[in-house]
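Please look over the sequence and the structure shown here.

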Amino acid sequence: MKYKSFPWFQLKILSGARVFSRYCKMHEWSIAEGIVRSLEAFAEKNSIKRFVAVEINVGELAMLDLDVLNEALKTISQEHERTRNTVFKLRIEHVTFTCNKCGCKWGLQRGLETIKGSEDLMIEDLEGGYDLPLHYMPELVYALMRCPSCGSRDYKVEGGRGVRIISVTFENGGVGEHVS
Ligand SMILES: [Zn+2]
């Protein structure tokens, strides 16, 4: 069986404001834990024996490290019977910005270029390097970015936010049936 679209599985990305350091790798781990917990709760309600595969969309604005998230999912899922050996497929969901003034459309990379070089916006990390605070507080994108064409700060943001489980393939109790 395969379920599509899980609005109630929308996991809120916690603000990274409290985590001004490389320790934010912990962030991926707490998200992985949240995903496995959601799957457990869903399995409980629907008498699911085991998840075979889980597809997850990761919003580009969440700026998560997919390798770390994948590693965390692999480790945490092994601790639970229903998610043991489940295949997790992670996909980046891109964001599109549309200017309300001139209609220009752009993606994250081009948008980030509009705020690059603003050194007063940089914060120092633990290793003494500098990074844009965006990595820790994706919400800042709204305050910092400008339309690359006309410079306006009035724009729409579509997609690219949050972490969503978009489909799961599972085995039912005893039957072992699954269709993809
Ligand atoms: Zn514009």
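Over the chain, pLDDT averages 77, and 67% of the residues score at least 70. Among the elements of the chain, the lowest mean pLDDT, 44, belongs to strand β1, residues 2-4, whereas the highest, 96, belongs to β5. Residues 1-24 have a pLDDT that stays under 50, and the model gives them 47 contacts beyond four places in sequence. Where pLDDT is low, the predicted coordinates should not be read in detail.

Attention may now turn to helix α2, which comprises the 13 residues 66-78. From its first C-alpha to its last, α2 reaches 18 Å, close to the 18 Å expected at 1.5 Å a residue. Which residues of α2 are buried? They are Leu69, Ala72, Leu73 and Ser77. Seen down the axis of α2, these buried residues fall within an arc of 115 degrees, and they therefore line one face of the helix. On the face of α2 turned away from the buried side are the exposed residues Asp67 and Thr75.

The next feature is an open sheet of three strands, ordered β5-β4-β8, with antiparallel pairing. Strands β5 (105-106) and β8 (155-158) stand at the edges; each has a single partner strand, so one side of each is left without a neighbour in the sheet. Strand β4, residues 96-99, pairs with β5 in the antiparallel sense over two bridges. Within this part of the sheet, Thr98 stands opposite Lys105 in β5.

Ser47 is not a glycine, yet its phi is positive, at about 45 degrees. This residue, Ser47, lies in the loop between α1 (25-46) and β2 (48-59). Ser47 counts as exposed because it has 10 C-beta neighbours inside 10 Å, and 12 or fewer is the cut-off for that class. Asn85, likewise not a glycine, has a positive phi of about 65 degrees. The loop between α2 and β3 (87-93) is where Asn85 is found. With 10 other C-beta atoms within 10 Å, Asn85 is exposed.

Note on methods:
Residues are numbered from 1 along each chain as its sequence is written. This is a predicted model: local features need pLDDT of at least 70, side-chain atom pairs count only at pLDDT 80 or more; totals for chains, interfaces and linings use all residues. Helices (H or I, at least four residues) and strands (E, at least two) are DSSP runs, numbered from the N terminus. The expected span of a helix is 1.5 Å times one less than its number of residues. A residue is buried if 20 or more other C-beta atoms lie within 10 Å of its own, exposed if 12 or fewer, and partly exposed in between; C-beta atoms are placed from the backbone. The arc is that of the directions from the helix axis to the C-beta atoms. Two strands pair if DSSP finds at least two bridges between them. pLDDT is the predictor's confidence in each residue, from 0 to 100. Two residues are in contact if their C-beta atoms, placed from the backbone, lie within 7 Å.
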